[in-house]
Amino acid sequence: MYCRKLVFMILLLLMASPSSVSGEEAGSVQLIQQAKDYDEREIVYSGEVIGDILRAGDHVWLNVSDGRSAMGVWVTAELAGAVEIPGRYSQRGDVIRVTGRFSRACPEHGGDMDLHAQSLVLLERGFPVGHAVPAWKAWLAAGTTVPALLLLIGVVRGFSQKRGLRPTRFTPPYPYGRLNPKA
Amino acid sequence: MFARRALRDGAVWHYIGLVLIGMGLVQYIPLMMSLVCREWDMALDFLISSSSALLVGGAAALGGRQSRRTKLGWSQGMMVAAGSWFLGTLLCALPYYLSGNYRSYLDSCFDVMSGLTTTGLTMVQDLDHLSDGLNMWRHLLTFIGGQGLVVLALSFLVKGTSGAYKMYVGEAKDERLMPNAVSTTRYIWLISLIYLVLGTLVLWIAGITAGLSADRAFLHGLWVFMAAWSTGGFAPMSQNILYYHSAFYEIATMVFFIIGSFNFALHYAVLTGKRRELVRNVETLSFTVTVTVLTLITTLGLMRLNVYPDAAAAFRKGFYQLISGHTTTGFMTVYARQFHYEWGDIALFAIISAMLLGGSACSTAGGFKGLRIGIIAHTLGRETRRMALPDSTVCIVKYHHIRDVVPDEAQIRSAFMIVILYIVTFAVGTLAGMLSGYSFGMSAFESASVTGNVGLSIGVTQPSMPSALKLTYIVIMWVARLEFMSVLAMAVNIAGKVRKNVLP
């Protein structure tokens, strides 16, 4: 599992690195910082699909992260059919490569910075990610929860005693007026 | 004398303890979320953190129990507020740190302070793969911070305390909606919870129309509403509101953060039938004027540089960031670096001004506050009139806030003093940014965001920024949210004790 994650991370880093790409290939940082240079040009952008596949009629919004920042990709539902697993806490998402027109301020989408994809290639299928539970955390949780709850009970009982809402066994017996003082 | 002081210190610890107990108990909500989502490691993190807060809070509450009926002075009330926020931040950062999503405990504390103060700047790494439990905690912190930690404790854990109002004021809220502070804080929570249900429903629908699945739309709706109402600015995804690519989502969030930035007294007035208050109140008037002027400046700045293809897009992007900054929310529909690379000085000037002006007093918002701007504007008007009129003419300042108010000189002085303190803090933050190697423009933008508890970023705030700057921003967020007095009262008290007990 760790090996797979390592390969995945290396893949993402390589995609984000400018030195590893040729011609029109660009990472999110380049696109944001040199938006005017790339505006309305065809570029190649790769990364992991994150969060959700947002369906909008016959098109789909994919948010694709190259490990540094995420970019909105507007793609037809047909092309997006290849994408199945978006990245979340419990899973790494599909890694894709899209080719399309980059807009610094897309006139079709209210000035959003986005990418209109013309082609989409699935580079790697997403996979579930396990989160191991360290034993020390379980012990620490048990070791702190028990005294904390006991202390909380102490605080609550302390207040109840003061307000006289709940008499405890430490309340001194009322000395007068009992029907049977010997009882 | 000494015994009385010891009793008062005991009372301070007692109430700080109660606030910490409240923060410990609240962590059972993200704990439940983690259990439902089968995030076992996160559940353990919350169990450890909650227990730590209960242990520290319980010990402090029990330790000072004997003094709890002692009448609190203003200084003690303020110390409860400032101390609760400080210790609350240290303890609430534990789940962040244990999750492994933060580089250091300082980064975790930064995010907690940012959440509690409803700033919204973040140090989290890999936000897009964050657990649902941790996302719930981030947004819950913002929601609680918006109403106030002390408000939370006063609402649910304290009964009939003589010093309640002083603690309440210590948290920078001073409106009396009800006859006493405890009823007032409960009413604040009632208003917030009613809007929570309504807002989550609307954003749930907005999320579904944006293409989210029903369950994800509900969670996102709940979290984004919490951040919007509290003028917080956190969002579950790294692209913030841009993630949804939805005009409906933008409009819905805008409505909620504008409402959230209004004074709770205004909410109370409107909910009890005084709807005309919306158009007469000095805060809504000053907000309308400043938003109109600054929107014009922003749009002009963006159009001048041809940042957007048409006026509609320039208005949509410009207005959203501006209103988000003005209400001190910090939601964004552009990338942080776009401010630096594309927006130009005129638009940035308008956004910086909006962030410093802020929302309403006694709301979840930060900044100078509309009430103070109203008082200062009226006072300046009076002084100008006085120059034109004969010496014998009596000029009075009058504004409308729930009722017609003629402020006395102390109120006017206080308004000027707090605004000056905000400007000094902004200058200190800007200087700290420049000393850390950032340009004046970037430093000023980020400092305005931190000082106004806004959360818009130009790209300075990130895990790699210098620790000294992180620490400076944490302190600024803290003092600005509590409007200086509580932290100053605590600092003076601690300095006095050090001088008396440590120095020869």
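**Helix packing and chain contacts**

Mentor: Helices α4(B) and α22(B) are roughly perpendicular to each other. Please bear in mind that this is a predicted model.

Trainee: Why are α4(B) and α22(B) called roughly perpendicular?

Mentor: Helix α4 (residues 74-92) of chain B and helix α22 (residues 485-501) of chain B pack at an angle of about 105 degrees. Angles of 65 to 115 degrees count as roughly perpendicular, and therefore the term applies to α4(B) and α22(B). Their axes are 8 Å apart.

Trainee: Which residues make this contact of α4(B) and α22(B)?

Mentor: From α4(B) come S75(B), M78(B), M79(B), A81(B), A82(B) and G83(B), and from α22(B) come M485(B), S486(B), V487(B), A489(B), M490(B) and N493(B). By class, the contact of α4(B) with α22(B) has 8 nonpolar, 4 polar and no charged residues.

Trainee: What makes α7(B) and α11(B) roughly parallel?

Mentor: The angle between helix α7 (residues 132-147) of chain B and helix α11 (residues 214-229) of chain B is about 30 degrees. Angles under 35 degrees count as roughly parallel, so α7(B) and α11(B) receive that description. Their axes are 8 Å apart, and the crossing is left-handed. Residues in the contact include H139(B), L140(B) and F143(B) of α7(B) and L222(B), W223(B) and M226(B) of α11(B). The contact of α7(B) with α11(B) comprises 10 nonpolar, 4 polar and 1 charged residues.

Trainee: Which hand does the crossing of α16(B) and α17(B) have, left-handed or right-handed?

Mentor: The crossing of α16(B) and α17(B) is right-handed. Helix α16 (residues 311-326) of chain B packs on helix α17 (residues 336-357) of chain B at about 35 degrees, with the axes 8 Å apart. Among the residues that meet are L322(B) and H326(B) in α16(B) and W343(B) and I351(B) in α17(B). Sorted by class, the contact of α16(B) with α17(B) has 8 nonpolar, 4 polar and 1 charged residues.

Trainee: How do you know that E342(B) and R104(A) meet in a salt bridge?

Mentor: The distance from N to O between the side chains of E342(B) and R104(A) is 3.1 Å. The cut-off is within 4 Å, and the pair E342(B) and R104(A) is therefore a salt bridge.

Trainee: What makes the pair of E84(A) and R125(A) a tie between parts of chain A?

Mentor: The side chains of E84(A) and R125(A) form a salt bridge at 3.9 Å, N to O, again within 4 Å. E84(A) lies in the loop between α4 (77-80) and β4 of chain A, and R125(A) in the loop between β6 (114-124) and β7 (127-128) of chain A, so the pair ties together parts that are 41 residues apart in sequence.

Trainee: How many residues does each chain give to the contact of chain B with chain A?

Mentor: Chain B gives 53 residues and chain A gives 50. The two chains bury about 4,400 Å² between them, 60% of it on carbon and sulfur atoms. H129(B), H245(B) and Y335(B) supply 15% of the area that chain B buries against chain A, more than any other three residues.

Trainee: Which residues does Q91(A) touch?

Mentor: Q91(A), found in strand β4 (residues 91-92) of chain A, touches H129(B) as well as E48(A), I85(A), P86(A), F127(A), P128(A) and V129(A), not counting residues up to four places away in sequence.

Methods:
Residues are numbered from 1 along each chain as its sequence is written. Chains are lettered from A and ligands numbered from 1 in the order in which they are written. This is a predicted model: local features need pLDDT of at least 70, side-chain atom pairs count only at pLDDT 80 or more; totals for chains, interfaces and linings use all residues. Side-chain values use heavy atoms; hydrogens and water are left out. Axes are lines fitted to C-alpha atoms, for helices over the stretch in contact, and angles run from 0 to 180 degrees between N-to-C directions. Helices (H or I, at least four residues) and strands (E, at least two) are DSSP runs, numbered from the N terminus. Angles under 35 degrees count as roughly parallel, over 145 as roughly antiparallel, 65 to 115 as roughly perpendicular and the rest as oblique. A crossing is left-handed if the near helix is turned anticlockwise from the far one by less than a right angle, and right-handed if clockwise. Contact means heavy atoms within 4.5 Å. Ala, Val, Leu, Ile, Met, Phe, Trp, Tyr, Cys and Pro count as nonpolar, Asp, Glu, Lys and Arg as charged, and the others, Gly among them, as polar. Buried area is the accessible area (1.4 Å probe) that two parts lose on being put together, summed over both.
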